[in-house]
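Biologist: Let me test the wording used for this model. I will ask what stands behind each term.

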Amino acid sequence: MTVTVRYYARLKEEAGTDKESVATQAATVAELWAEVAGHHSFTLGADLIRAAQDDEFCAWEAPLAPGAVVVFMPPVAGG
Amino acid sequence: MSAAFLLTEEPLETLPDFVVPAASGSVVAFWGRVRSSNEGRAVTGLDYSAYPELAVKEGRRIVESAVERFGLDGARAAHRVGSLAVGDAAVVVEVASGHRGEGFEACRWIIDEIKHRVPVWKREHYAEGDWEWVTCHHGSTTTVS
């Protein structure tokens, strides 16, 4: 299936893009992260990343559906 | 009772006035500004970026929880995005309440929650010309270039 992945801040810099279409066999958000993290050689570990689907925070175990939009976020730093 | 959270590219001083109900004897405001130095380094500015859809949702949840939790008459918070210079306001929190005690407490709680939960990021630029991503809730920075 194909999903859309969006990146912010440091992940966007390291990926060299803020959005990409990914053909994947991943069943969960965690598996998708493992794929893209390997592909882009992200320097942050999964323990520092939060994920969102449909503009809402989601669990790493959340299932992926075809056409899903998944966002990976590095540690936040507002204020 | 009002609870609002905004993200804006405009200076925070240009926001419409925070409307304070007649019953409120206290208004507490916190302004977070870009400092001229961080961890011993001279700072020239900050770039803020956000995941706007989720930042606004999460920010509103924080302000709404504060109104309920501290029994406020109203609260509002706003965060800047874009490039800010030293001295620019990056975040403002305003809280209206019957008395000052819950007002100070709520204002502190809201800014702490914003820093930990709202998907906003900052890149700090230094006088030497380099920059770093700041991860303030861990109290550390990591060099990128």
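Biologist: How many salt bridges does the rule find across the interface of chain A and chain B?

Modeller: Four. Bear in mind that this is a predicted model.

Biologist: What makes B:E53 and A:R6 a salt bridge?

Modeller: Their closest N and O atoms are 3.8 Å apart. The cut-off is within 4 Å, for a side-chain nitrogen of Lys or Arg and a carboxyl oxygen of Asp or Glu. The pair B:E53 and A:R6 is therefore a salt bridge.

Biologist: Which elements give two or more residues to the side of chain A that touches chain B?

Modeller: They are α1 (9-15), β4 (56-58) and β5 (69-73) of chain A. The most comes from α1(A), with three residues. By kind, the residues on that side are eleven nonpolar, two polar and six charged.

Biologist: How many residues are in contact between chain A and chain B?

Modeller: On chain A, 19 residues; on chain B, 30. Together the two chains bury about 2,000 Å², with 60% of that on carbon and sulfur atoms. In chain A, the most area is lost by A:R10, A:V76 and A:G79, together 31% of what that side buries. The rule also finds ten residue pairs in polar contact across this interface.

Biologist: Now to chain A itself. Why is A:I49 called buried?

Modeller: Its relative accessible area is 4%. Buried means under 20%. A:I49 therefore counts as buried.

Biologist: Where does A:I49 lie, and what is A:I49 in contact with beyond its neighbours within four places in sequence?

Modeller: A:I49 sits in the loop between α2 (29-40) and β3 (50-53) of chain A. Its contacts beyond those neighbours are A:L11, A:W33, A:L44, A:W60, A:F72, A:M73 and A:P74. Take A:M73: 24 residues away along the chain, with a C-alpha separation of 5.5 Å from A:I49.

Biologist: A:S41 is in the loop between α2 and β3 of chain A too. Why is A:S41 called exposed?

Modeller: A:S41 has a relative accessible area of 54%.

Biologist: On to chain B. How does the reach of helix α1 (residues 52-70) compare with what is expected?

Modeller: Helix α1(B) has 19 residues and reaches 27 Å from first C-alpha to last. That is close to the 27 Å expected at 1.5 Å a residue. Its buried residues include B:L54, B:E58, B:I62, B:A66 and B:F70. Residues three or four places apart in an α-helix point the same way. Just after α1(B), B:G71 takes a positive phi of about 65°.

Biologist: And what do the buried residues of α2(B) pack against?

Modeller: They pack against β1 (2-8), β2 (26-33), α1, β5 (74-80) and β7 (89-97) of chain B. Among the buried residues are B:W109, B:I110 and B:E113. Helix α2 (residues 100-117) has 18 residues and reaches 25 Å, close to the 26 Å expected.

Definitions and conventions
Residues are numbered from 1 along each chain as its sequence is written. Chains are lettered from A and ligands numbered from 1 in the order in which they are written. This is a predicted model: local features need pLDDT of at least 70, side-chain atom pairs count only at pLDDT 80 or more; totals for chains, interfaces and linings use all residues. Side-chain values use heavy atoms; hydrogens and water are left out. Buried means under 20% relative accessible area, exposed over 50%, partly exposed in between (1.4 Å probe, protein chains only). Contact means heavy atoms within 4.5 Å. Buried area is the accessible area (1.4 Å probe) that two parts lose on being put together, summed over both. A polar contact is a pair of N or O atoms within 3.5 Å; within protein, one must be able to donate a hydrogen and the other to accept it, and residues adjacent in sequence count only if both atoms are side-chain atoms. Ala, Val, Leu, Ile, Met, Phe, Trp, Tyr, Cys and Pro count as nonpolar, Asp, Glu, Lys and Arg as charged, and the others, Gly among them, as polar. The expected span of a helix is 1.5 Å times one less than its number of residues.
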